[in-house]
Amino acid sequence: MTAILQTQKLRVEYRSREMRQGIKVALLGLDLEVRAGEVFGFLGPNGAGKTTTMNVLLGFVPPTSGAASLFGIDVRQPIARQRIGYLPELTYYYKFLTAEELLRFYAKIFGLARGETDKRIAELLKLVELEHAAKRPIKSYSKGMQQRVGLAQALINNPDLLILDEPTSGLDPLGRMKVREIIQRLKHDGKTVFFSSHELGEVETVCDRVAIIHQGELKAIGGVHEITGKHASLEKAFLEIIGFNSSTAP
Amino acid sequence: MKNIFAVAGVVIKELYRRKDFYVLFIITVLICLVMASVNIFNDPKIARYLKEICLLLVWISSLVIAITTTARQIPAERENRTLLPLLAKPLTRPQLIFGKFFGCWFACGLALLCFYIFFGALAAAREHQWPLLDYFQAAVMHWFMLGIVVAMTLLGSLVFAAPSSNSTICFVIIGGILFVGRHLDQVATSMHEPLRAIVNALYFTIPHLEFYDLRDLIIHNWPLIEWKYIVLALLYATAYIFAFLLGACLVFRRKPVN
Amino acid sequence: MNSPRIIFLLLLALLVFCFGLAAQLSPQFQSWRGSRSGGDIFNVVLGDSRRMFAQSFYVKADAYYHSGYYPTMFDNKEAFQTQHMAEDTGAVNSNNHGDEESFLGPKRNWIDAFGRHFFPDRHTHLDEGGPTDDLSGSENVREILPWLKLSADLDPDNPQTYTVTAYWLRERMHKVAEADVFLHEGLRNNPDSYDILFELGRLYDESYHDTARARNVWEEAVRKWMKLDADAQSDNKLVFEQITTHLAQLEENAGNLPRAIDWLHAAQKVSLTPDVLQKRIDDIQKKMAALIPVAPAKLY
């Protein structure tokens, strides 16, 4: 299978805002490869470098050294983002717009034709189960509905690669289940999904492969069963890989 | 261009769906109607004071709309994290800046249109005449002045993180230019070096927004300004608009978005 | 305490207490010197600082008289030392020296030169037809009236605002009744103002042709002026000269020639041009030569 997301020796440093901390290394030579059609889980504790990796992939943060590409195109080129969809964590969409208007706005940026836009919006609203609220302003939406609008906007261009940053964060169990269902449906449609999450059980359920990152370094990469290995669950494997010792934990 | 206009469209929707414009418009209308109802020596033909009050309120309202609308654009995108999905699409940062600019500017233009139609109706009710070309000159000049204000505020919103501090700084700068900009060179003559050189340099650097204030001319029914001077003033405004927008693009180019 | 009945009773008791206290304090508050409650809205909102705004609106009226052509604090204000409208009414001495055309001075640089296309840059007067200079706009002076009225509302103790406003109302707008009402309002606020009495006398004399009432108010104006201390009299000689010369004219027209001469003698004492007045006295004395002499009466 072809790699549609690739990073090579990716290193990101930034000047710390805190006094006298100097340069902080967020990523330390990250090599990653996500293949077409797979659901890839990107795991790591808080501050491990997951969001920084995504920010580099989306062109938000320039890498200090190394390279990152999407579909073989350098991520610094806007065209690299033509075939991706991105759902950031905890986003509050324009509350004065309706879901339909929001999707139409993003469709315009992708240059979709009017007829195609109408069709796509109807499909997506059905997929995320928001047809009934399509003409209501987003400010009246619950958190789960807002997250589903976010998912719909990430899919507006029918992307080949979806980058989801903690898509179930802050959702109730029902909301989480709905998002999980949507990811599985996308997988069924042959889409590539690259997502970060803290919900290891969820990752275990939907992912084909996972990568575990800790303190900016890739600690493990492989199939879910490969990583779990002799451990009882992915959670236990994850804790061991990042060097967490339950007996010394506070 | 389509990306720029897509972003601009959202800004325009924001303006007409928020209450700011309506509140300012209603306040302007109410104050003007109250002032118009005042009996001044039983003379219903007195018009200029009413034109002056109306235009003063229009100017204040337009500056409030322009500055507050623009100042919150980028910070709100950051705070609500909508900047992330936006820039994750094939939209460049300069396109976003230009889109925000055109959105705010066109939104101000729409607001100005409403205000000037009301002003025209109010003046016509007293003076029984419609000097449309004079009003057109005043409105276009006003609109281009707001273009400079919007571009300046947009640049400010990238430099100062908090919209409130940016708005306050912009109000002070714009008020300062409107009140003393024309006289800075005269002020400089009473100063010692190097302050004199600095104030003189400032005089030649700042955008002279007072060119665009044609209120006295339309209040007192002065003849039209020659169109060549209007065109030159509009070119002058365009140059400053682009200078501020390029500055904004430069600041935004390497700025972390998260 | 949790019972709604107790809370209700407590509220009631508090209300009774508040109303009682208000009733007790109200008379004291009304009689307190610093109280703003008795004044109009400007007094309530601005207090004594309203006088500062009154002067600004007075200047605004003068700027309107020039269709917006007016110096700012940065321009050469020498040319506009005296408000033109006040000068035209004869209420004040003119300090303008004919260089009003050039308060902008020569063009200083390209920004100044270019900027002059966008604001009024010619000296015109509203009663001369305004910026179009077609000499048909006497009634255009109506446009200065709102600012003068506002100025009077903000500072009712400034007699000049009343006299200037009354002049324009009467002379150019032919609104004698409105001028009369406004002057009386000014007189209520400034009972010792000889300026307002003088203007009122002119209104009675020139508009109502009621010489008896004109004489009364002018004589009253002279009495008020005489009550001034020496310094104030010295500063206000012009108005005394105007009152006395008007009285002289009135008496001359009425045939009371010796009395007219007496008023002119009084005017001569303060006048900058006593020779001119002496010539008038001589003329009247020539007229008197043909008439039976009358014993002089006490003037004031």
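Predicted model: local features only at pLDDT ≥ 70, side-chain atom pairs only at ≥ 80, totals over all residues.

Reader: What elements is chain C built from?

Author: Chain C has 14 helices and 0 strands. Of its 300 residues, 44% are buried.

Reader: And how much accessible surface does chain C have?

Author: About 15,900 Å², with carbon and sulfur atoms holding 57% of it.

Reader: Okay, now interfaces. How is the size of an interface given?

Author: Often as the accessible area lost when the parts come together. Here, chain A and chain B bury about 2,500 Å² between them, and 65% of that lies on carbon and sulfur atoms. On the chain A side, A:Phe60, A:Phe96 and A:Ile109 lose the most area to chain B, together 28% of what that side buries.

Reader: How many residues take part from each chain?

Author: Chain A gives 27 residues and chain B gives 25.

Reader: What about charges? How many salt bridges cross between chain A and chain B?

Author: The rule finds 1. B:Arg17 pairs with A:Glu101, and their closest N and O atoms are 2.6 Å apart.

Reader: Which elements of chain A give two or more residues to the side that touches chain B?

Author: They are β6 (84-87) and α2 (99-109) of chain A. The largest share, 5 residues, comes from α2(A). By type, that side of chain A splits into 17 nonpolar, 6 polar and 4 charged residues.

Terms used:
Residues numbered from 1 in each chain as written. Chains lettered and ligands numbered in written order. Heavy atoms only, no water. Helix = DSSP H or I, 4+ residues; strand = E, 2+ residues; numbered from the N terminus. Buried < 20%, exposed > 50% of the residue type's maximum accessible area, 1.4 Å probe, protein only. Areas by Shrake-Rupley, 256 points an atom, 1.4 Å probe, with all protein chains shown as cover. Contact = heavy atoms within 4.5 Å. Buried area = accessible area lost by both parts, 1.4 Å probe. Salt bridge = Lys/Arg side-chain N within 4 Å of Asp/Glu carboxyl O. Nonpolar A, V, L, I, M, F, W, Y, C, P; charged D, E, K, R; others polar.
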